[in-house]
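Me: Could you take a close look at one helix of this model and tell me how it sits in its chain?

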Amino acid sequence: MKALRRFGAFWWEFVVGDDWRVAAGVALALGASAGLAATDEPAWWLLPLAVAGLLYLSLRRAARR
Amino acid sequence: MTAVFLVLSAFLASAVEMVEALTIVLAVGVTRDWRSALSGVGAATLALTAIVAALGPALTLIPIDTLRLVVGALLLVFGLQWLRKAILRASGYVSLHDEEEAYAREATEARAAGIERRAGLDWYAFTIAFKGVLLEGLEVAFIVLTFGSAQGSIPLAALGAGVAILLVVVAGVVAHAPLTRVPENTMKFAVGTMLTTFGIFWAAEGTGATWPGGDASLPGVLAFELLVSFTFVALLRRRRPALA
């Protein structure tokens, strides 16, 4: 059990790193993009803007530390 | 065009990670024992080869839209980590990575560590070299597998990574010192931008979005990411004196 937890923690740290909010924001943005694409409206613009916003918020948090 | 970006991204990411791995191996090799350090490198290389060989064919069985969504999402989260760190380094909030400093730190720790022999090897030298190559190499394997599978060409991504590994090893053997002149921080910035760009591109396709012009829009996404990144570097640099 301990080994499994360490294995999970390693991969979490490897992929997500020290700001889990970025990963959560990416998940929300992907959901929004899928929702918009399903309506047949152009959805390509959504992810680049969402990523810029997530990066801004993450950098702001890091700069305030 | 996409193939060029693919090879270039794998090459740059691999070069940066291997320069860091080389520093660790050199530090334990010079201060402890070369045979043990190189055995660690060999064992880590075998483990990485097994990971790529096992996961590579498995990934090709997943339908391309699902694969691009999963790979795009992973690359986005992973790439944003790289890009965030690179922007913080470029704007002075985090100190720049310095191979000479890293080498000195590793060498000091290696000299201070006790001697334990297992299987005829200096266990410290073996494990540090193994861990260093495995952890740095894991990032390369991750990039090769995700880029390669989403683009339908793992061998092409592996080629970019392989050429970089070869160059770093040759340069390391010739220099017999950490590769301090490699512009690592700039390369990390470039890799972070490329990972994020491919992440956006594939994840958007995976969610059902269609890019205007198809693959031809990839340089446009890259240009946008570069513009956003440089803008954040400039904004953070301007803000920094006020914080000091």
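Reply: Happy to! Helix α5(B) is mostly covered, with 22 of its 29 residues buried (a residue is buried if 20 or more other C-beta atoms, placed from the backbone, lie within 10 Å of its own). Helices here are DSSP runs of H or I, at least four residues, numbered from the N terminus. Bear in mind that this is a predicted model, where local features need pLDDT of at least 70, side-chain atom pairs count only at pLDDT 80 or more, and totals for chains, interfaces and linings use all residues. Residues are numbered from 1 along each chain as its sequence is written, while chains are lettered from A and ligands numbered from 1 in the order in which they are written.

Now for the length of the helix, residues 123–151 of chain B: at 1.5 Å a residue, its 29 residues should span 42 Å, and the end C-alpha atoms are 41 Å apart, which agrees. That expected span is 1.5 Å times one less than the number of residues. Along the way, α5(B) bends by about 25° at Leu138(B), the bend being the angle between axes fitted to the seven residues ending there and the seven starting there. After α5(B) comes Gly152(B), which has a positive phi, near 75°.

For some surroundings, look at the side of chain B facing its partner: 28 residues of chain B are in contact with 24 residues of chain A, contact meaning C-beta atoms, placed from the backbone, within 7 Å. Eleven residues, the largest share of that side of chain B, come from α3(B).

Conventions:
Helices (H or I, at least four residues) and strands (E, at least two) are DSSP runs, numbered from the N terminus. A residue is buried if 20 or more other C-beta atoms lie within 10 Å of its own, exposed if 12 or fewer, and partly exposed in between; C-beta atoms are placed from the backbone. Two residues are in contact if their C-beta atoms, placed from the backbone, lie within 7 Å.
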